[in-house]
Amino acid sequence: MHPIRCEAVVLATMDYRESDRIVTLFTLCHGKVRGLARGARKSMRRFGGALEPFARLNVELVVREGLSSLRGVDIVTVFPRIRQDLAAIGHGGYAVELVDRLLPDGAPVPRLFRLLVSYLEHLDQGGATPSDRRFFEANLLNILGYRIALDTCAGCGVDLPADSARRAGAGGTVLCAGCGRYGAPLSAETVRLLHRCLGTGRFGAVAFSPEALGEAGPLLDGAIGTHLARPLNSLAFLRQLAP
């Protein structure tokens with residue numbers, strides 16, 4: 001098989017044998033791929049310091065079923081300012097782990113690739129905020145087909161007008177006042193901001209108030225949690241950083 005060249009973001013790495021490394025890549029052209037980088041732990045010539053989480057690369061790759069072969073890389077950016085800030089490291093690590101855990105192997109998703117790269121660029125410019133994290137999550141769920149139904153009750157199916165009372169249900173669902181009488185309330189402002197997250201493609205354009213974050217956060221966490229077999233390692237680190 002002939003090698004291909006493609007843009008990629010490093011999602012995760014794992015040492016393998018004495019000198020090799022297995023790298024999980026989110027590539028623009030082939031989706032998520034696991035590649036074996038032979039000699040990556042001993043030779044700096046072929047891979048240098050490129051094989052680190054959330055580095056953006058141009059890779060030379062022989063794609064195979066199972067484990068591909070990583071032949072070489074050119075660094076686009078390692079997002080150096082992210083690596084100098086604990087909050088940015090936490091949010092960047094969370095983003096790549098979330099993509100790794102939710103994205104199936106070998107499924108190209110160009111919109112998600114662009115979303116992830118945009119988020120990393122924003123973090124590199126000092127944008128590590130809770131609002132931007134929730135913006136990323138809402139759009140990621142939407143792109144992967146897990147969009148939260150904000151305007152329909154998950155219990156009885158009734159349409160929910162903009163000014164109607166809503167409650168948060170289990171697993172990131174939205175309920176009417178009757179079906180969700182014991183659920184946490186969702187204000188019209190929180191619903192409006194979540195809609196706005198899906199209507200704009202620019203990080204920094206949506207700012208949640210503390211009250212809206214307190215409502216939107218558990219809803220998004222619940223929606224994400226339904227698709228995870230185990231908790232995210234990076235989430236514990238993010239919680240330690242929270243004020």
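I looked up the contacts of Thr 24 (contact means heavy atoms within 4.5 Å) and found that, leaving aside residues up to four places away in sequence, Thr 24 touches Val 9, Val 10, Leu 11, Ala 12, Lys 32, Val 33, Arg 34 and Asp 100. I note that this is a predicted model, in which local features need pLDDT of at least 70, side-chain atom pairs count only at pLDDT 80 or more, and totals for chains, interfaces and linings use all residues. Residues are numbered from 1 along each chain as its sequence is written, and side-chain values use heavy atoms, with hydrogens and water left out.

I placed Thr 24 in strand β2, residues 20-27 (helices, H or I, of at least four residues and strands, E, of at least two are DSSP runs, numbered from the N terminus). Thr 24 is buried, at a relative accessible area of 7% (buried is under 20%, exposed over 50%, partly exposed in between, with a 1.4 Å probe and protein chains only).

I then turned to the rings and found 4 aromatic pairs (rings of Phe, Tyr and Trp, the last by its six-membered ring, pair if their centres lie within 6.5 Å; planes under 30 degrees apart are stacked, over 60 edge-to-face, the rest tilted). Phe 26 is buried at 0% relative accessibility, and Phe 113 is buried at 3%.

I recorded Tyr 119 and Phe 203 as a stacked pair, 5.0 Å centre to centre with 15° between the planes.
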